Amino acid sequence: MNLNSKTYFLNFRDRHPPTFSAMSAGRTAVWHTLAGVTIGLGLWYLHWRWTASLNADALTFSIAVASAETAAFLGTLLFFFDIWREQDTPQSPPPERRADAGLDGEGSINVDLFITTFDEGVEVVEPTIKDALDLAVPSAASLSIFVLDDGHQPGMPDLAKRYDVEYLARSTNRGFKAGNLRNAIMQTRGDFVVICDADTSLFPSFLENTLGYFRDPKVAWVQTPHWFYDIPDVQPWSSGSLVPNGWLGALSSRILSLFAGKRGYGADPFLSDPTVFFDVIQRRRNRNSASFCCGAGSIHRREAVLANALGRQAKHVRQVFPKGTGQSGRHQLRACELQPFAYHVSEDILTSIHLHREGWKSVYHPQVEARMLSPWSIKAWAMQRLKYAGGTYDIMINDNPIFGRGMSIWARLHYAATFWSYLSVLWLPILLFAPVLSLLTGLAPVEAYSAEFFWHLLPLLLVNELALHISCKGYDTHGGRALAASALPIQLRAIYQVLRGEKPTFPATPKVPGKRRELRYAKPALVSLSIMAAAATWGSYATWTGIPGYSLSLLVVNLFWLAWNSLALMRVVQMSLWSPPNLAGSYSTLIPSTTKSIGGVRAEPS
């Protein structure tokens with residue numbers, strides 16, 4: 001590439017953030033109607049599946065598929081509850097006095113801005129510092145900026161000194177990012193703490209648009225959307241070596257556009273666009289004060305995180321030092337390290353759980369207030385997915401918020417929706433490979449692919465797609481399904497490690513593009529695709545030659561689902577084959593096309 005891989009992101013700095021409009025009352029009514037019809041059709045379908053369609057000749061196979069379908073339908077119910085309606089918290093102007101924010105004393109409202117860094121270079125952190133210095137600070141507030149260097153990167157102290165911001169480092173990496181934040185919060189005095197990753201460049205309006213929510217003294221944190229401004233855009237089919245030059249290349253491009261339904265290739269290769277997660281899921285969890293913290297781009301009330309940490313520390317002291325051990329209270333507290341942010345690979349969501357249990361509120365601010373960098377290599381994508389999955393499974397097993405006291409039933413259901421989506425690792429393989437087994441053996445998971453089968457299934461699939469399209473504001477939801485299939489081996493590895501008692505690791509996501517194609521991450525998908533191709537070939541041959549048990553209906557139905565599943569698995573192969581284009585030449589012409597609002601334009605879930 002012509003541009004330095006360490007500063008590739010500078011080529012995207014002119015992109016403008018999306019704006020997210022609220023869901024209209026009319027659209028909400030249509031969504032609720034379609035959701036109700038989907039639920040009714042789903043119950044009707046499952047009743048038929050369990051009472052009238054099980055295949056007695058392959059009962060174990062049939063029950064396994066019906067069970068997987070039932071689990072998937074339960075996930076749909078939880079997801080529908082999760083996104084049922086929007087209810088944004090009314091935005092207020094920044095507090096004018098400390099008392100307006102529930103703070104004691106006189107003077108200014110002190111805000112500390114923490115820029116956490118581990119293995120990122122100064123070229124990544126410098127734009128973050130510059131943008132932090134450009135923040136518009138409300139008149140009643142004062143701002144202090146700190147670089148929290150946990151990796152002792154060369155040049156980082158000089159960088160902080162050059163911009164006259166504070167520099168904090170520590171001798172160990174205990175607790176990783178959460179420990180880094182603890183080290184800083186114990187040395188600072190801000191009433192509120194803004195958390196930024198090394199690549200989180202805040203917009204000037206951040207404080208003006210978030211501090212006002214803290215007029216409610218029970219609000220512990222405010223989370224803003226993540227916007228990855230460097231997501232690769234579409235490259236025309238005619239670029240690179242995909243098609244020949246001249247008239248033949250132009251014709252090939254037209255044909256590819258017609259059959260693929262896209263004007264090019266390479267857009268969002270790692271399915272990083274988080275629009276559905278933030279503007280649909282997080283935004284609608286806000287109605288029950290259940291949107292969880294996602295780390296970067298959030299601001300926290302110091303009192304809340306410290307009070308929560310002290311409460312958890314006291315509870316731990318009572319467990320470790322029961323009465324009669326002879327330890328004094330002071331020595332007991334010293335023996336247990338205070339953790340304002342939980343020492344965990346998913347410290348953000350676990351800290352959210354702890355605070356929600358204690359009755360603290362969260363607010364989701366629906367508009368973008370910062371820009372961030374996305375994974376630009378299959379290795380970075382795989383590391384990020386393993387960390388997310390491992391952290392979620394560990395919380396699910398060891399600190400599950402669904403059980404115990406202190407959290408509303410509605411908030412528990414929101415967390416249950418998150419956990420259930422990750423538990424799909426248990427039944428998704430059944431749905432992915434059921435067509436393979438059918439085509440290899442001639443056995444069907446239903447008694448017959450009859451008109452009755454299609455009468456029960458097709459209306460459910462159609463109405464469910466319409467419900468998703470309306471509820472998700474027209475955003476593309478297919479990327480989320482492809483992501484679930486692509487990340488399946490990673491999630492299986494994560495749940496295996498957690499069940500064995502291994503603690504999830506804390507790898508930092510690389511902030512530079514991958515320099516080579518890495519097919520090793522696609523090996524499970526390639527093996528699966530090979531098996532699917534073999535099953536399709538054998539099933540077609542068996543049907544053509546009239547082998548007993550095979551029929552045209554069995555072939556057509558299973559080839560359809562096999563093709564659908566194969567397209568999902570192909571995404572991880574595409575990720576492995578993707579390499580950054582000539583940044584200096586290709587993307588400079590594409591930046592203007594990304595300045596439109598995402599509302600109504602392509603977006604895929606994280």
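**Entry 1: charges over rings.** I began with R287, whose charged end sits over the ring of F81, 5.1 Å from its centre. I applied the criterion that NZ of Lys or CZ of Arg is within 6 Å of the ring centre and within 35 degrees of the ring normal. I then looked up K218: its charged end sits over the ring of W360, 4.4 Å from the centre.

**Entry 2: basis.** I note that this is a predicted model, in which local features need pLDDT of at least 70 and side-chain atom pairs count only at pLDDT 80 or more, while totals for chains, interfaces and linings use all residues. Residues are numbered from 1 along each chain as its sequence is written, and side-chain values use heavy atoms, with hydrogens and water left out.

**Entry 3: aromatic pairs.** I found 24 aromatic pairs in the structure. Rings of Phe, Tyr and Trp (its six-membered ring) pair if their centres lie within 6.5 Å; planes under 30 degrees apart count as stacked, over 60 as edge-to-face and the rest as tilted. W420 and W427 form a tilted pair, 5.0 Å centre to centre with 35 degrees between the planes. For accessibility I used under 20% relative accessible area for buried, over 50% for exposed and partly exposed in between (1.4 Å probe, protein chains only). W420 is partly exposed at 24%, whereas W427 is buried at 11%.

I next examined W538 and Y541, a tilted pair at 5.6 Å centre to centre and 40 degrees between the planes. Both lie in helix 18 (residues 523-545), 3 residues apart, about one turn of the helix. Helices here are DSSP runs (H or I, at least four residues), numbered from the N terminus. W538 is partly exposed at 34%, and Y541 is partly exposed at 46%.

I also recorded one aromatic cluster, formed by Y45, W48, Y449, F453 and F454.

**Entry 4: helices 18 and 19.** Helix 18 and helix 19 (residues 552-577) pack at about 165 degrees, with axes 10 Å apart. Axes are lines fitted to C-alpha atoms over the stretch in contact, and angles run from 0 to 180 degrees between N-to-C directions. The two helices are therefore roughly antiparallel, a term for angles over 145 degrees. Among the contacting residues are L529 and M532 of helix 18 and L559 and L562 of helix 19; contact means heavy atoms within 4.5 Å.

**Entry 5: E347.** I located E347 in helix 11 (residues 347-357). E347 is buried at 8% relative accessible area. Not counting residues up to four places away in sequence, E347 touches K177, A178 and A342.

Technical notes. Angles under 35 degrees count as roughly parallel, over 145 as roughly antiparallel, 65 to 115 as roughly perpendicular and the rest as oblique.
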